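Here are some friendly notes to read alongside the model.

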Amino acid sequence: MKIILLGPPGAGKGTQADRLKEYLSVPKLSTGDMLRAAVAEGSEIGQKADKIMRTGGLVSDDIMVAMIADRIQKPDCAKGFILDGFPRTIGQAQALDQMFEKLHIGIDHVIEIKVNDAALVERISNRFSCSKCGAGYNHKSKPTKVKGACDTCGSSEFSQRADDRAETVAARLEQYNQQTAPLLPYYSKRGTLHSVDGMQPIDTVTSEITDLFKVAA
Ligand code: AMP
């Protein structure tokens with residue numbers, strides 16, 4: 001199954017992608033995670049991306065398309081994948097169409113997670129992750145089970161993303177509205193777009209998404 005998750009920063013794409021990858025046994029391809037890994041590595045792409053990400057801009061289509069083209073041809077993607085954070089522009093969506101045509105594959109579902117703008121800033125400013133294993137949390141909606149200890153690895157070191165500061169979040173939301181929101185009509189015209197209310201509890205959002213797969217099966 002090949003899935004695209006769409007939605008503004010803070011909509012819960014990453015959280016839902018983590019759950020869906022278990023449910024479907026396919027990898028989650030998060031371009032944000034790939035870029036953060038490149039930044040941490042200090043690679044050429046990482047150095048270019050670092051400044052852009054810190055200011056809430058978008059990394060160029062050329063870099064992003066090459067990154068995904070390479071990734072979806074890896075053997076673990078043969079059964080499908082969940083795209084989290086890609087495509088983010090019409091140019092990326094068109095390049096993805098071309099890649100799929102070449103590989104003789106197609107998208108099964110494009111899922112938009114809808115969240116009110118006001119809730120996004122609040123959600124983003126409350127999120128943090130384990131510095132050791134990367135498990136994601138939110139002070140309000142998803143705290144650690146034991147205070148100060150990661151549920152997954154037990155580490156007590158946590159960090160916040162550099163681009164989750166309020167001023168950067170505003171720039172990221174603007175980028176979403178200008179560059180990414182046009183993908184909604186792009187996919188809806190093809191009948192592959194489903195919208196899910198992302199203001200609901202995390203479990204409810206997951207079951208609404210997985211129900212879509214059952215209807216389609
Ligand atoms: P995310 O973790 O998906 O919120 O992505 C974090 C940041 O990485 C974004 O604000 C962008 O600067 C960059 N980024 C991630 N995916 C893309 C993409 N598909 N195209 C351009 N920039 C991206």
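1. A word on terms before the first sheet. Two strands are said to pair if DSSP finds at least two bridges between them. Helices (H or I, at least four residues) and strands (E, at least two) are DSSP runs, numbered from the N terminus. Please keep in mind that this is a predicted model, in which local features need pLDDT of at least 70 and side-chain atom pairs count only at pLDDT 80 or more, while totals for chains, interfaces and linings use all residues. Residues are numbered from 1 along each chain as its sequence is written, and side-chain values use heavy atoms, with hydrogens and water left out.

2. Angles here run from 0 to 180 degrees between N-to-C directions, and axes are lines fitted to C-alpha atoms, for helices over the stretch in contact.

3. Strand β4 and its neighbours. On one side, strand β1 (residues 2–6) is joined to β4 by 4 bridges, and the two run parallel. To find this pairing in the viewer, look for Leu5 opposite Ile111 in β4 and for Ile4 opposite Val110 in β4. β4 is also joined to strand β8 (residues 193–197), here by 5 bridges and again in parallel. Ile113 has Val196 in β8 as its bridge partner.

4. How enclosed is strand β4? In strand β4 (residues 109–114), 5 of the 6 residues are buried, so the strand is largely enclosed by the rest of the structure. Buried means under 20% relative accessible area, exposed means over 50%, and partly exposed lies in between (1.4 Å probe, protein chains only).

5. The antiparallel sheet. There is also an open sheet of 3 strands, in the order β6-β5-β7, with antiparallel pairing. Its edge strands are β6 (136–138) and β7 (158–159), each pairing on one side only. Strand β5 (residues 127–130) pairs with β7 in the antiparallel sense over 2 bridges. Here Cys130 stands opposite Phe158 in β7, and Ser129 stands opposite Ser159 in β7.

6. The hairpin. β5 and β6 run antiparallel and are joined by 3 bridges. Ser129 turns up again on this side, with Gly136 in β6 as its bridge partner. The two strands form a hairpin with 5 residues between them, and Gly134 in the turn has a positive phi of about 85°.

7. Helices α4 and α5. Two packed helices are described by the angle between their axes and the distance between the axes. For helix α4 (residues 61–71) and helix α5 (residues 90–103), the axes come within 10 Å and cross at roughly 30°. That makes α4 roughly parallel to α5, given that angles under 35 degrees count as roughly parallel, over 145 as roughly antiparallel, 65 to 115 as roughly perpendicular and the rest as oblique. In contact (heavy atoms within 4.5 Å) are Asp61, Met64, Val65, Ile68 and Ala69 of α4 with Gly91, Gln92, Ala95, Leu96 and Met99 of α5. These residues divide into 7 nonpolar, 2 polar and 1 charged. Ala, Val, Leu, Ile, Met, Phe, Trp, Tyr, Cys and Pro count as nonpolar, Asp, Glu, Lys and Arg as charged, and the others, Gly among them, as polar.

8. Helices α2 and α4. Helix α2 (residues 31–41) packs against α4 at an angle of about 105°, with the axes 11 Å apart. The two helices are therefore roughly perpendicular. Thr31, Met34 and Leu35 of α2 make the contact with Met64, Met67, Ile68 and Arg71 of α4. By type, the residues are 5 nonpolar, 1 polar and 1 charged.

9. Helices α6 and α7. The axes of helix α6 (residues 117–125) and helix α7 (residues 166–180) come within 11 Å and cross at roughly 135°. α6 and α7 are therefore oblique to each other. Asp117, Leu120, Val121 and Ile124 in α6 meet Val169, Arg172, Leu173 and Asn177 in α7. This contact divides into 5 nonpolar, 1 polar and 2 charged residues.
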